[in-house]
Amino acid sequence: MKINDYISYINIFFLKNNLHPIILFTILFIIAMSKSTIFLSSFLPPASVMLITIISISFPTLNINLIWLAITLGGTTGSIISYYIGYQITQKKICGQFLNRYQLILDNSYKKLIKKGTIILFTSRFIAILRYTIPLAAGILLMKKRKVYITFFLSSGLWAILYILIVNGTFSIIKSKIFL
């Protein structure tokens, strides 16, 4: 199959299926999850570009509450995956040389995360690299799951609201310019 045929196939697929609410919800979930997971985020374009694009496509079809839910659940799931990977590194003593080599730094990080852990976890959602590295560090440092998961959910919820407001505001500006 030629590359042009493949690209045409992908375009036709999205033209036929992009309006289905379940597919849009799933795409929003997967993008938010992948942008919050340590191994996937590095290979993808920036979260802002991906989320703003798919939210724009989703607006006519999906309820704003469903868009918010998809992004929030996806972001929370991705952070939990990163946290779990960090947790397993510590529990199963994977990468032991890494942990021994950086034990002093990890101890200092642990002290800072104990003092201001919730604030750091919450604000890390809004900074690209920290979005997936801080949950990994929280897992390595064995922070309490319940507190971490609640923080992930709240920060993902606000993250989703900000993207929805950006797209909604952009649509409002465009509509007002068109009708002037």
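Two residues are said here to be in contact when heavy atoms of each lie within 4.5 Å. The structure is a predicted model, in which local features need pLDDT of at least 70 and side-chain atom pairs count only at pLDDT 80 or more, while totals for chains, interfaces and linings use all residues. Residues are numbered from 1 along each chain as its sequence is written, and side-chain values use heavy atoms, with hydrogens and water left out.

Gly-139 sits in helix 8, where helices are DSSP runs of H or I with at least four residues, numbered from the N terminus. Its relative accessibility is 0%, so Gly-139 counts as buried, a class that covers values under 20%, with exposed meaning over 50% and partly exposed lying in between (1.4 Å probe, protein chains only). Although Gly-139 and Tyr-83 are 56 residues apart in sequence, their C-alpha atoms are 4.4 Å apart in space.

Ile-71, which belongs to helix 5 (residues 64-91), is likewise buried, with a relative accessible area of 0%. Beyond its neighbours within four places in sequence, Ile-71 is in contact with Leu-28, Ala-32, Leu-51, Ile-55, Trp-159 and Ala-160.

On the surface, Phe-126, Ile-127, Ile-129, Leu-130, Leu-158, Ile-161, Leu-162 and Leu-165 form a nonpolar patch with about 650 Å² of accessible area together. Such areas come from the Shrake-Rupley method with a 1.4 Å probe, and for residues only the protein chains shown count as cover. Patch members have over 30% relative accessible area and no salt bridge, with like charges joined within 9 Å and nonpolar side chains (Val, Leu, Ile, Met, Phe, Trp, Tyr) within 5 Å; a salt bridge places a side-chain nitrogen of Lys or Arg within 4 Å of a carboxyl oxygen of Asp or Glu. Helix 9 (residues 145-178) gives the patch its largest share, four residues. Ile-129 lies in the loop between helix 7 (103-124) and helix 8 (130-140) and, at 55% relative accessibility, counts as exposed.

Methods:
Helix = DSSP H or I, 4+ residues; strand = E, 2+ residues; numbered from the N terminus.
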